[in-house]
Amino acid sequence: MGFTFTTADYADYLQRAAARIAAQKDYVSALDAATGDGDHWANLNLGFGALLEQADALRGLGFSAMFRKIGMTLMSRVGGSSGILYGGGYQAAGRAMPEGSEATLPQLAEALSAMLADMMKRGQAQPGFKTMIDALHPAVGALKEALESGEGPEGALSAMRRAALAGAEATRGMEAVKGRASYQADKGVGHLDPGAVTMAWQLDELGAALLGKGAA
Ligand code: ADP
Ligand code: MG
């Protein structure tokens, strides 16, 4: 059997992502103040805080139930567009994940694809609209492409991380089509999209956590 990861590895990832986000209050709040209403950090930090409170319960579930529970928590606890988008996205990803507590990278790619499709449908957003989709879409594409071309876990997860971070960086030059930045005269051009930045950090931490699993 090739590379697999467990719900315990995913719970470790949630902890890493929560810490990364928690440490960036001023930066993310300033990004959202420039193009939105300034609450993106508070929204996401509240959501990850709620997930950490449930960490023990989450660890005890199989993947499908774990992701669906994450989605329900984010949907009910996080305000703003991100609560609805992550909530729906995680529930869709949960329906694509295996029932058991072990998963492969192709299964992760399918689940992230399902998350992406649900977010795009729910938010009526396409790649290039200057949203969190601009980090997730290239990351899913890079992960799938790397796996299809026979890359090992190291190459595939590194490709996913690089594509997510580059995708977030590319939002600087984009004109917003959806979300609050689209109401501004300059459509946010010149500013990074906060939702794309925090999405990229989550994918970066996910790749790092799965690559380093068991190493600590
Ligand atoms: P709100 O915009 O309701 O204040 P947040 O501040 O939590 O919610 O999240 C803002 C982020 O949500 C944006 O930076 C953008 O990435 C993302 N976003 C907003 N609207 C959409 C949409 N329709 N589709 C996809 N992502 C969106
Ligand atoms: Mg906001």
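**Spaces and a ligand**

Author: Gladly! The largest cavity holds about 90 Å³ of space. This is a predicted model, where local features need pLDDT of at least 70, side-chain atom pairs count only at pLDDT 80 or more, and totals for chains, interfaces and linings use all residues. Residues are numbered from 1 along each chain as its sequence is written, chains are lettered from A and ligands numbered from 1 in the order in which they are written, and side-chain values use heavy atoms, with hydrogens and water left out.

Reader: What is a cavity, and how many of 30 Å³ or more are there?

Author: On a 1 Å grid over the protein atoms alone, a cavity is a set of points where a 1.4 Å probe fits but cannot get out; a pocket is an open set with protein on both sides within 12 Å along at least five of seven lines; and lining residues have an atom within 4 Å of a point. Points are joined across faces, edges and corners, and a volume is the space filled by probe spheres set on them. Searching the whole structure gives 1 cavity of 30 Å³ or more.

Reader: Which residues line the largest cavity?

Author: Among them are Tyr-10, Phe-67, Leu-112 and Gln-202. By class, the lining has 11 nonpolar, 1 polar and no charged residues (Ala, Val, Leu, Ile, Met, Phe, Trp, Tyr, Cys and Pro count as nonpolar, Asp, Glu, Lys and Arg as charged, and the others, Gly among them, as polar). Helix H10 gives the largest share of this lining, 4 residues (helices are DSSP runs of H or I, at least four residues, numbered from the N terminus).

Reader: And what does the largest pocket look like in numbers?

Author: Its volume is about 500 Å³. The pocket has 27 lining residues, and those nearest its centre include Ser-81, Leu-85 and Met-132. Helix H6 contributes the most to this lining, with 4 residues. The lining divides into 9 nonpolar, 11 polar and 7 charged residues.

Reader: Where does ligand 1 sit?

Author: Ligand 1 sits in the largest pocket, meaning that more than half of its atoms lie within 2 Å of the pocket's grid points. Around ligand 1 are 20 residues, with Asn-43 and Asp-193 among the closest (a residue is near if one of its heavy atoms lies within 4 Å). This shell has 5 nonpolar, 9 polar and 6 charged residues.

Reader: Which polar side-chain atom lies 2.8 Å from an oxygen atom of ligand 1?

Author: One belonging to Asn-43. A polar contact is a pair of N or O atoms within 3.5 Å. A polar backbone atom of Gly-195 is 3.0 Å from an oxygen atom of ligand 1, and for a side-chain N or O atom of Asp-32 the distance is 3.3 Å.

Technical notes: A polar contact is a pair of N or O atoms within 3.5 Å; within protein, one must be able to donate a hydrogen and the other to accept it, and residues adjacent in sequence count only if both atoms are side-chain atoms. Helices (H or I, at least four residues) and strands (E, at least two) are DSSP runs, numbered from the N terminus.
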